[in-house]
Amino acid sequence: MGQDSKQITIARSHAYHGMNAYGTSLGGIPANTAPFVPLVSLIEHVAWDDAAALEKAIESAGPARVAAFFCEPVIGAGGVYPPPEGYLASVREICRRHDVLFIADEVITGFGRTGAWLASERFALDPDMITTAKGLSSGYAPIGAVIASARVAEPFWRPGSQEIFRHGYTYSGHPASCAVALANLDLIEREQLVARVAALEPVLAATLAPLAGHDLVGEVRAGTGLLAAVEIAEDARTADPGLAPRLVSEIRDRGVITRLLRGVALQISPPFVITEAEIAKIAEVFAEAFDAVAS
């Protein structure tokens with residue numbers, strides 16, 4: 001579009017955007033980036049929950065130099081952080097005002113996880129681009145997709161255009177993966193699983209809430225679809241560096257799958273067909289595991 005000076009990309013602390021060179025550079029998780037420095041240049045990071053910090057970064061660099069802002073509607077691998085009230089609306093408005101592309105990373109939140117087909121829909125983001133992957137096929141086949149707005153696509157498709165988007169991945173448009181993804185989306189729609197996630201959202205949040213009272217729990221984050229995290233208290237982690245891995249083992253030994261996020265929180269992201277009884281089982285097992293490591 002003739003704006004060659006727009007080369008700086010901004011991302012957030014705690015962010016995860018994949019482990020390719022550019023995605024790693026955009027990520028805000030130091031453990032992922034440290035082994036690979038120096039990283040891709042012209043990338044800035046701002047606090048994950050501070051819209052004013054984004055505007056300051058854009059103004060400091062100069063709006064004419066900033067191309068895009070990458071944003072997970074709900075931060076996933078960085079610890080499951082739902083957006084603070086009003087945050088997403090604010091950063092979206094800032095991007096529009098400064099002519100900065102707003103790119104929603106919906107690899108985790110896309111296709112039902114937040115109780116809407118896309119979190120961009122739930123939060124009325126109208127992004128310029130959306131990255132997707134996992135939910136597109138429910139993990140049954142490897143596939144990812146980028147959804148581009150008309151504004152982004154237009155230069156490549158206008159009559160007589162000589163513009164080419166040079167991406168050329170080996171398995172782009174693979175017919176088997178595409179067929180699986182289409183069948184998966186049909187199934188989600190037919191079984192009304194997005195509505196089911198929305199209905200179970202308050203159940204998951206209410207069932208996990210009592211865990212916040214445990215001495216070893218710092219915070220429970222839930223309330224955005226079937227996605228939650230139980231943060232381990234900071235003083236407990238500091239006093240016992242092996243505490244978090246033991247909790248993961250205790251929970252898995254009791255039949256519930258979880259993983260440690262950024263060394264601080266335990267992830268909960270159950271399948272859309274989970275029952276209320278199984279949600280109760282998750283909370284029960286977490287409580288048992290915390291009691292076991294505390295004794």
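1. In strand 3, I10 has F69 as its bridge partner. Helices (H or I, at least four residues) and strands (E, at least two) are DSSP runs, numbered from the N terminus. This is a predicted model, in which local features need pLDDT of at least 70, side-chain atom pairs count only at pLDDT 80 or more, and totals for chains, interfaces and linings use all residues. Residues are numbered from 1 along each chain as its sequence is written, and side-chain values use heavy atoms, with hydrogens and water left out.

2. Two strands pair if DSSP finds at least two bridges between them. I8 stands opposite V66 in strand 3. Strand 1 also runs parallel to strand 2, and four bridges join them. There, A11 has H45 of strand 2 as its bridge partner.

3. These strands are part of an open sheet of six, in the order 2-1-3-4-5-6 and with mixed pairing. Strand 2 (43–46) and strand 6 (145–148) form the edges; each has a single partner strand, so one side of each lacks a neighbour in the sheet. On average, neighbouring strands of this sheet are turned by 20 degrees against each other, direction ignored.

4. Helix 4 (residues 87–97) packs on the sheet and touches strand 1, strand 3 and strand 4 (101–105). Contact means heavy atoms within 4.5 Å. The direction of helix 4 makes about 165 degrees with that of strand 3. Axes are lines fitted to C-alpha atoms, for helices over the stretch in contact, and angles run from 0 to 180 degrees between N-to-C directions.

5. Five of the five residues of strand 1 are buried, so this strand is largely enclosed by the rest of the structure. Buried means under 20% relative accessible area, exposed over 50%, and partly exposed in between (1.4 Å probe, protein chains only). In a regular strand, side chains alternate between the two faces of the sheet. From strand 1, I8, I10 and R12 point one way, while T9 and A11 point the other way, and all are buried.

6. S25 lies in helix 1 (residues 21–26). With 4% relative accessibility, S25 counts as buried. A polar atom of its side chain lies 2.8 Å from the backbone oxygen of A21. Leaving aside neighbours within four places in sequence, S25 is in contact with L39, V40, I43 and H45. H45 is also the bridge partner of A11.

7. S177 is in helix 8 (residues 175–190) and is buried, at a relative accessible area of 9%. Beyond its neighbours within four places in sequence, S177 is in contact with A141, P142 and I143.

8. For the protein as a whole, there are 12 helices and 10 strands. A compact globule of 295 residues would have a radius of gyration near 19 Å, and the value here, 20 Å, agrees. The radius of gyration is taken over C-alpha atoms, and the globule rule is 2.2 Å times the number of residues to the power 0.38. The C-alpha trace spans about 70 × 45 × 35 Å along its principal axes.

9. Of the 295 residues, 46% count as buried. Among contacts with a separation of 6 or more, 65% are between residues 24 or more positions apart.

How values were computed. Polar contact = N/O pair within 3.5 Å; in protein donor to acceptor, adjacent residues only side chain to side chain.
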